[in-house]
Amino acid sequence: MSATSGSDVLPRTKVFGSNPYKSDRRIPTSCSYTRSSMTVSCHLSEGLEDLDKSTSKALAISCSGSSDKGNGLVGRSSHCSPIEKRTPVGQTFCSVGVCAYGEADIGSNSHIREEKVGVLLLNLGGPETLDDVQPFLFNLFADPDIIRLPRLFKFLQRPLAKLISVFRAPKSKEGYAAIGGGSPLRKITDEQANALKIALEAKNTPVNVYVGMRYWYPFTEEAIEQIKRDRITKLVVLPLYPQFSISTTGSSIRVLESVFREDAYLSELPVSIIKSWYQRQGYVKSMADLIEKELKSFSKPEEVMIFFSAHGVPVSYIEDAGDPYKDQMEECIYLIMQELKARGTNNEHTLCYQSRVGPVQWLKPYTDEGLVELGQKGVKSLLAVPVSFVSEHIETLEEIDMEYKHLALESGIENWGRVPALGCTSSFITDLAEAVIEALPSATAMSTSRTISKAVDNDPMQYVIKMFFGSILAFVLLLSPKAVLAFRNRLF
Ligand SMILES: C=CC1=C(C)c2cc3[nH]c(cc4nc(cc5[nH]c(cc1n2)c(C)c5CCC(=O)O)C(CCC(=O)O)=C4C)c(C)c3C=C
Ligand SMILES: [Fe+2]
């Protein structure tokens, strides 16, 4: 795939064609990309068609009812409502700033005259306290884009999420405790939202910025409610993941689509989704700046191995479901290295994948194994570069800074450094603002298709058949000693 300078801006209606037989998955059926990722789009579409053919492991478990709310997400019962939990930057919940659409503010941008533009930042979300960890993990594992069960086993999604979240919580809690007792994601994302609003104002484009998290407060659904209350007339959706993965941007967009489909106002709202932006010059140059700066802190910068560490995904996402994540990651690294070379920095580099969870194969090489191997090969200086996320989070602050650093030093690497996440770096935020402005003209209202999807969902015969065969298969799997062993030894 060739390098491009723009982001993949997708007119809403053209991105997600509806497939009546896959009610919980919206499939990109159109190849209407205007830039080089057209092949990625088609590939993804084909892959997603195969999603349900994958042979994910399913385990039957018993579980008590979870305290979820109407939207199926679990939050703390004692948690104050999102509206009470206002952020310092926003006048309204998860919105940055109040609406500022006076005629005087609109300036020369005639195409947005009369418009009330919203930018929705999508992110993962993270537990704010240690008590939030298990319900946060429940929300994560209850996501069918994170644990992809075959269609027949879908009814096990929530009990399985309950089981895994309970078993995983102690390990995760240790990690969050080590970084101060909670995730910094909400605070950093709010800061990025504020910075983006300011950058857009400086470019004569006043907007409301909203933050919608997939697995914790402020939830995406709540951000959408606020967008409705504010009567936004045009929306740009900007996931804070540079590369597209089914498990991140794909999952958040699926939520958006299901909410938008059900709502008369939202289904008419012109929306533009920036699906990935790793190839934007502003992002690539900002990453190169950070790397160059950090290299200078070594006594012999030219001898340092640049060690890109990306969040992994299971191999089946790439091979069975057509997730473009790996291709995009490799292209991203290529572009950053090209930029460094153009500046005269010719260090060696490598890419590994971190943070695997569960008994399946994840993308390789694994970061931990890669570090040991480099140590054995005699690499003495290493600069770790987290590359799949733009804020600090548990996997940079705990996994890289503590676990991997320790492992690297134990393996013979003597000089360790780590590039900080982009956060609110001004060149980066300015580029995101430009991406938003470029996306505005292609906003289009989404189409609706709920009647057909619902009809299939509500077919009682299909439901009975699924339950019957699903229960038998789940029972067999549960009694299989191999499955139980794998679950006990490798999942947690
Ligand atoms: C591009 C980034 C990410 C991808 C791809 C991704 C896939 C993915 N993640 C899990 C499981 C977990 N992720 C967890 C935390 C977490 N994940 C990302 C990013 C990506 N995940 C971030 C930024 C964070 C940290 C949030 C924070 O609170 O700081 C966790 C919880 C932490 C832990 O217990 O390790 C889990 C679990 C899967 C299974 C997956 C792909 C299928
Ligand atoms: Fe993750």
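Two strands are taken to pair if DSSP finds at least two bridges between them. Helices (H or I, at least four residues) and strands (E, at least two) are themselves DSSP runs, numbered from the N terminus. The model described here is predicted, so local features need pLDDT of at least 70 and side-chain atom pairs count only at pLDDT 80 or more, while totals for chains, interfaces and linings use all residues. Residues are numbered from 1 along each chain as its sequence is written, and chains are lettered from A and ligands numbered from 1 in the order in which they are written.

Strands of a sheet pair through backbone hydrogen bonds, either parallel or antiparallel. Here, four strands form an open sheet with parallel pairing, in the order β8-β7-β9-β10. Its edge strands, β8 (349-354) and β10 (415-418), each pair on one side only. On average, neighbouring strands are turned by 25° against each other, direction ignored; axes are lines fitted to C-alpha atoms, for helices over the stretch in contact, and angles run from 0 to 180 degrees between N-to-C directions.

Helix α13 (residues 367-376) lies across β7, β8 and β9 (381-386), at about 145° to β8. A right-handed β-α-β unit is made by β9, α14 and β10; right-handed says that, with the strands pointing away from the viewer, the path from the first strand over the helix to the second runs clockwise.

Turning to the whole chain, the domain assignment, which is automatic or from a database, gives domain 1 (9-277 + 426-454) and domain 2 (281-418). Their contact (C-beta atoms, placed from the backbone, within 7 Å) takes 36 residues from domain 1 and 29 residues from domain 2. On the domain 1 side, α2 gives the most, with six residues.

Technical notes: Contact = placed C-beta atoms within 7 Å.
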